[in-house]
Amino acid sequence: MKAGQWDPEYVLVDYRNAVVLPPEIDVRRASPLFCAGITAFNCIDSCELQPGQWIAIIGCGGLGQYAVQYAKAMGYNVIGVDVSDDSLTSAKEFGADAVFNSQTQADTYVAEIRKLSEKGVHAAAVFSGSNAAYDSAIPLLRTNGLLMVVGITREPLQISSLDIITGRYRIKADSTGVPQRMPKAVAFTAKHNIQPSVDFRNIEDLPAMVDDMRNGKARRRQVVTFD
């Protein structure tokens, strides 16, 4: 390639912003890993749970499905919570020990989860941007359980200072995916064969892909190929 020419198959990046993918990771399927998977890994890893403890994944879309896989690979008991049965089906396929629809099971799911996890989950990671999702996560926590803030809400979260002071629950947030943190996540992903749920689409399908995501119909991560 001559100076001044541009080749669409290559891009120049600073080496400090790059990471070598091990052969176990399919390059074509890896694009969601860097926009979602790294975030999900860092959040689950930062919950600092012990194998056998319980974690609730609130919001089982693309990020949540990654989170389910990482949590299971770390040895946690995983409960998926969502308002979409399709998303819950995916969470179950990825290894969730139990799933609950917080809309259709509104009257029973909190009590059932607290019973299943023996006094409540040790951590609840919220991957939804809904304020209602955060409100629904807190009752699932056992005393001094961890509320992991991931999803970005339009309105400020309503947090009780009394609950925090008295140790009703703790709050933590971690969704950063800076390059320095990527090698650990990539190595873990390769070792445990974490796979994104991907639909490969053509560029002509882009408007339909956007509509599906806006309408909550995209069950998997959407990847545009240029073959």
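The model is predicted: local features need pLDDT of at least 70, side-chain atom pairs count only at pLDDT 80 or more, and totals for chains, interfaces and linings use all residues. Residues are numbered from 1 along each chain as its sequence is written, and side-chain values use heavy atoms, with hydrogens and water left out.

**Whole chain**
- The chain has 8 helices and 8 strands, taken as DSSP runs numbered from the N terminus (helices H or I, at least four residues; strands E, at least two).
- Of its 227 residues, 40% are buried, meaning under 20% relative accessible area, with exposed over 50% and partly exposed in between (1.4 Å probe, protein chains only).
- The accessible surface is about 12,800 Å², and carbon and sulfur atoms account for 52% of this; areas come from the Shrake-Rupley method with a 1.4 Å probe, and for residues only the protein chains shown count as cover.
- Among contacts (heavy atoms within 4.5 Å) between residues at least 6 apart in sequence, 57% link residues at least 24 apart.

**Two buried serines**
- Ser117 lies in the loop between α4 (109–116) and β4 (121–126).
- Ser117 counts as buried because its relative accessible area is 1%.
- Beyond neighbours within four places in sequence, Ser117 touches Trp54 and Arg142.
- Ser136 sits in helix α5 (residues 131–137) and is also buried, at 14% relative accessibility.
- With neighbours within four places set aside, the contacts of Ser136 are Ile58 and Tyr109.

**Helix α7**
- In helix α7 (residues 182–191), the buried residues are Met182, Ala185, Val186, Phe188, Thr189 and Ala190.
- An α-helix has 3.6 residues a turn, so residues three or four places apart point the same way.
- Asn193 follows α7 and has a positive phi, near 55 degrees.

**Surface patch**
- Ile159, Ile164 and Ile171 make up a nonpolar surface patch with about 220 Å² of accessible area together.
- Patch residues have over 30% relative accessible area and no salt bridge; like charges are joined within 9 Å, and nonpolar side chains (Val, Leu, Ile, Met, Phe, Trp, Tyr) within 5 Å.
- A salt bridge is a side-chain nitrogen of Lys or Arg within 4 Å of a carboxyl oxygen of Asp or Glu.
- Ile164 belongs to helix α6 (residues 161–165) and is partly exposed, at 35% relative accessible area.
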